[in-house]
Amino acid sequence: MEFQDVVDRRRMTRSYSTDPVDRAVVDRALRNAVRAPSAGFSQGWAFVVLDTPDDVRRYWEASADTEHPDAWLEGMMRAPVVVIPCSSKAIYLDRYAEPDKGWTDRDEARWPQPFWDLDTAMASLLILQTVVDEGLGALFFGIPPEADAAVREEFGIPDDHDPVGAITIGHPAPGGATGSARRRPRRPMDDVVHRGRW
């Protein structure tokens, strides 16, 4: 698929069939994810891949009320793959305390933005784009704060890594919850692009 087609066709998929996803597709998406830019080439990301029915079920049981699913959850729980992208602030703080970076401490105040989360988000976008290129669907969504501890415990996510969200991957199916893009127009370019100054 042409790159512009991938960008134009990317949508958040909220309903999936139970058809399996070829493991090679997931592997390609992860290979592309680790090609994302990262400050100081820190690469402070990790990905928990859940691609068996049991692992996917465990994810939903740890993060949602599977006894009373709404339309969104019903559509999402059919996705055969869930990826949990995690960021590590510690890896970035350690990297920038190395001699070639010129800092002698791990002071978090030096960071104008949490690049550990930003870089992991860019890696996540590459997963979404790869999935579209493969003709499949995906959705990036947040893990509810009240489920963070349960998801960490269920999948052994270490304290020095933080889930930044989750990504479902699968074959799109009709139905499911509608997204905000159906109810809200895309903001015009003139409202969001400022050349030379605001």
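Q: Is arginine 95 buried or exposed?
A: Arginine 95 counts as buried, because its relative accessibility is 15% and the cut-off for buried is under 20%. Keep in mind that this is a predicted model.

Q: What does arginine 95 pair with in a salt bridge?
A: Its partner is glutamate 98, with the closest N and O atoms 2.9 Å apart. Glutamate 98 counts as partly exposed, at 35% relative accessibility.

Q: Why would two such side chains pair at all?
A: Side chains of opposite charge can pair when their charged atoms come close.

Q: How many salt bridges are there?
A: The count comes to 14. One of them joins aspartate 105 and arginine 110, at 3.1 Å from N to O. Aspartate 105 is partly exposed, with a relative accessible area of 30%, and arginine 110 is partly exposed at 35%.

Q: What about glutamate 61, what does it bridge to?
A: Glutamate 61 forms a salt bridge with arginine 57, and the closest N and O atoms are 2.8 Å apart. Both residues lie in helix 3, four residues apart, about one turn of the helix.

Q: Which residues does tryptophan 60 contact, beyond its sequence neighbours?
A: Leaving aside neighbours within four places in sequence, tryptophan 60 is in contact with Thr66, Trp72, Leu73, Met76, Met77, Val82, Phe141 and Thr168.

Q: Moving to the largest nonpolar core, which residues touch the most other members?
A: Tyr59, Trp60, Val82, Ile84 and Val151 do, out of 20 residues in that core. Two or more residues come from each of helix 3 (53-63), helix 4 (71-77), strand 2 (81-87), strand 3 (137-141) and helix 7 (148-155). Helix 3 gives the largest share, four residues.

Q: What is in the second core?
A: The second core is separate and has 19 residues, among them Leu30, Val81, Leu128 and Val131.

Q: Back to the surface. Which residues form a nonpolar patch there?
A: Met189, Val192 and Val193 form one, with about 260 Å² of accessible area together. Valine 192 lies in helix 8 (residues 189-192) and counts as partly exposed, at 38% relative accessibility.

Q: How many helices and strands does the protein chain have?
A: The protein chain has eight helices and five strands. From the N terminus on, the elements run α-α-β-α-α-β-α-α-β-α-β-β-α.

Q: What is the radius of gyration of the protein chain?
A: The radius of gyration is 18 Å, close to the 16 Å that the globule rule gives for 198 residues, so the chain is as compact as a globular protein of that length. Its C-alpha atoms fill a box of roughly 55 × 45 × 30 Å along the principal axes.

Q: What share of the residues is buried?
A: Buried residues make up 38% of the 198 residues in the protein chain. The accessible surface comes to about 11800 Å², and 51% of that belongs to carbon and sulfur atoms.

Note on methods. Residues numbered from 1 in each chain as written. Predicted model: local features only at pLDDT ≥ 70, side-chain atom pairs only at ≥ 80, totals over all residues. Heavy atoms only, no water. Patch = residues over 30% accessible without salt bridge, like charges linked within 9 Å, V, L, I, M, F, W, Y side chains within 5 Å. Areas by Shrake-Rupley, 256 points an atom, 1.4 Å probe, with all protein chains shown as cover. Salt bridge = Lys/Arg side-chain N within 4 Å of Asp/Glu carboxyl O. Buried < 20%, exposed > 50% of the residue type's maximum accessible area, 1.4 Å probe, protein only. Core = buried A, V, L, I, M, F, W, Y, C linked by side-chain atoms within 4.5 Å. Contact = heavy atoms within 4.5 Å. Rg over C-alpha atoms; globule rule 2.2 N^0.38 Å.
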